[in-house]
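Please look over the structure shown below with its ligand in view.

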Amino acid sequence: MSSDDGELYLDAASTEPVGRDVIDAMLPFMTDAYANPASVHRTGKTAAQALDAARRSFAANLGARPDDVIFTSGGTESDNLAVKGIALARMERMRRAATDASSLCPRIIISAVEHPAVAESAAWLERFFGFEVVRVPVDSTARIDLEALDREVAAAPERTALVSVMLANNEVGTIQPVADVVRIAHAAGVPVHVDAVQAAGQIPIRMRDWDVDALSVSGHKFGTPKGLGALLVRSRTPIEPLLSGGGQERGLRSGTQNVAGAVGLAIALDGSIAFMREHHAELIASRDRLIRGVLDAVPQARLTGDPEHRLPGHASFIFPGVTGEALLVDLDARGIECSSGSACAVGRHEIPPTLLAMGLEPSVAKSALRLTFRRPLSDADVNRTVTAIRRSCTALGL
Ligand code: PLP
């Protein structure tokens, strides 16, 4: 992650490097045991056994059962499958039950700070299927307003196809009270999807204990190659596939499975969780040293997100008076690699939408900076980052 004079990578929420152990575990399934896991011959069976073992390990580490796991091409696909697939399946059931199906207006409830993979999937349902999309507000720390959620769910439970709320926010690291969200939605008979892309491998996830219906994860956030992920979805939850084909993955994700990818997902998640168990307190301590250091060094700086309910390796700030974009460029020149919010807005330096939903003025939200890491920072790394931020702010006239 760092060297004394090289780049210090503080952009783990965007993506992480792939561990050598993950590559080593994946390699045999691209060379010797390369067969299609659906093939009946011996090499095919070897591949199928590896896929099963990966599914079992992956599920256990997320508090799920092996048959909950649908392997996908990453977080975006998992979110799309959950939001569109569950909403369309439930809409179909509502139509069948309705006396006048033509007047049925299905709804979907999401939080105001969802990632575009969820928010745009909901917008797609609105555009093409006439869904009403309800966006539940958040407070100034990005925590969902549970009373507003309760009111919205209760307003029309029979028309509400799904509630989708992220476990941890990508821009400000806030962790949502998912157990409360599930309690509220289930009391009205509405299933819950949780986007756990930023949380998986960082904080414990117990899908079945929490009674969550569907949960999305993405491998490249915890050390697999990009383009690997999973949707965990309970068999009780109605869901339509988005891809038609050979019926792999319980018919929900057709296409020959990526056995090497599934093996990589299982190994990387297992490794991340083991690391987290051992270093969680250390990671939080280094995050808090960094936060204190930045707030002390730049009096105008303010922490964004929830100070307590936040990801262990996530520090995010606003620096009113400078733009996050200018800060990023200046910090990059000083060897600090970080981001202004969401990396998923392909090269666009847009105002982080979560900060707007938290009630910040666009001119202030534009000054956002996000520092994210999966391993505890050394004191030297903290000092180097704080010094670079102070110098950048001074250079930019703050
Ligand atoms: N959901 C959240 C909260 C994310 O942060 C991201 C990516 O950053 C995604 C979904 C999309 O995941 P992927 O990059 O695997 O498509």
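Helix α3 supplies the largest share of the shell around the ligand, namely 3 residues. This is a predicted model, and the distances, areas and angles below are computed from it.

**Ligand surroundings**

- Of the 14 residues around the ligand, those that come nearest are G75, T76, D195, S218 and K221.
- Sorted by class, the shell around the ligand holds 8 polar, 3 charged and 3 nonpolar residues.
- The side chain of D195 places an N or O atom 2.7 Å from a nitrogen atom of the ligand.
- An oxygen atom of the ligand lies 2.6 Å from an N or O atom in the side chain of K221, and a polar side-chain atom of H220 is 2.9 Å from an oxygen atom of the ligand.
- On its own the ligand has 390 Å² of accessible area, of which the protein covers 91%.

**The sheet**

- Seen in the order β2-β8-β7-β6-β5-β3-β4, 7 strands form an open sheet with mixed pairing.
- Strands β2 (69-72) and β4 (132-136) stand at the edges with a single partner strand each, so one side of each has no neighbour in the sheet.
- Neighbouring strands of this sheet are turned against each other by 20 degrees on average, direction ignored.
- Strands β5 (residues 160-166) and β6 (residues 192-195) run parallel and are joined by 4 bridges, with V163 standing opposite V192 in β6.

**Helices on the sheet**

- Helix α3 (residues 75-97) packs on the sheet, where it touches β2, β3, β5, β6, β7 and β8, and its direction makes about 160 degrees with that of β5.
- Helix α4 (residues 116-129) also packs on the sheet, touching β3, β4, β5 and β6, and its direction makes about 160 degrees with that of β3.

Terms used: Residues are numbered from 1 along each chain as its sequence is written. This is a predicted model: local features need pLDDT of at least 70, side-chain atom pairs count only at pLDDT 80 or more; totals for chains, interfaces and linings use all residues. Side-chain values use heavy atoms; hydrogens and water are left out. Two strands pair if DSSP finds at least two bridges between them. Helices (H or I, at least four residues) and strands (E, at least two) are DSSP runs, numbered from the N terminus. Axes are lines fitted to C-alpha atoms, for helices over the stretch in contact, and angles run from 0 to 180 degrees between N-to-C directions. Contact means heavy atoms within 4.5 Å. A residue is near a molecule or strand if one of its heavy atoms lies within 4 Å of it. A polar contact is a pair of N or O atoms within 3.5 Å; within protein, one must be able to donate a hydrogen and the other to accept it, and residues adjacent in sequence count only if both atoms are side-chain atoms. Accessible areas come from the Shrake-Rupley method with a 1.4 Å probe; for residues, only the protein chains shown count as cover. Ala, Val, Leu, Ile, Met, Phe, Trp, Tyr, Cys and Pro count as nonpolar, Asp, Glu, Lys and Arg as charged, and the others, Gly among them, as polar.
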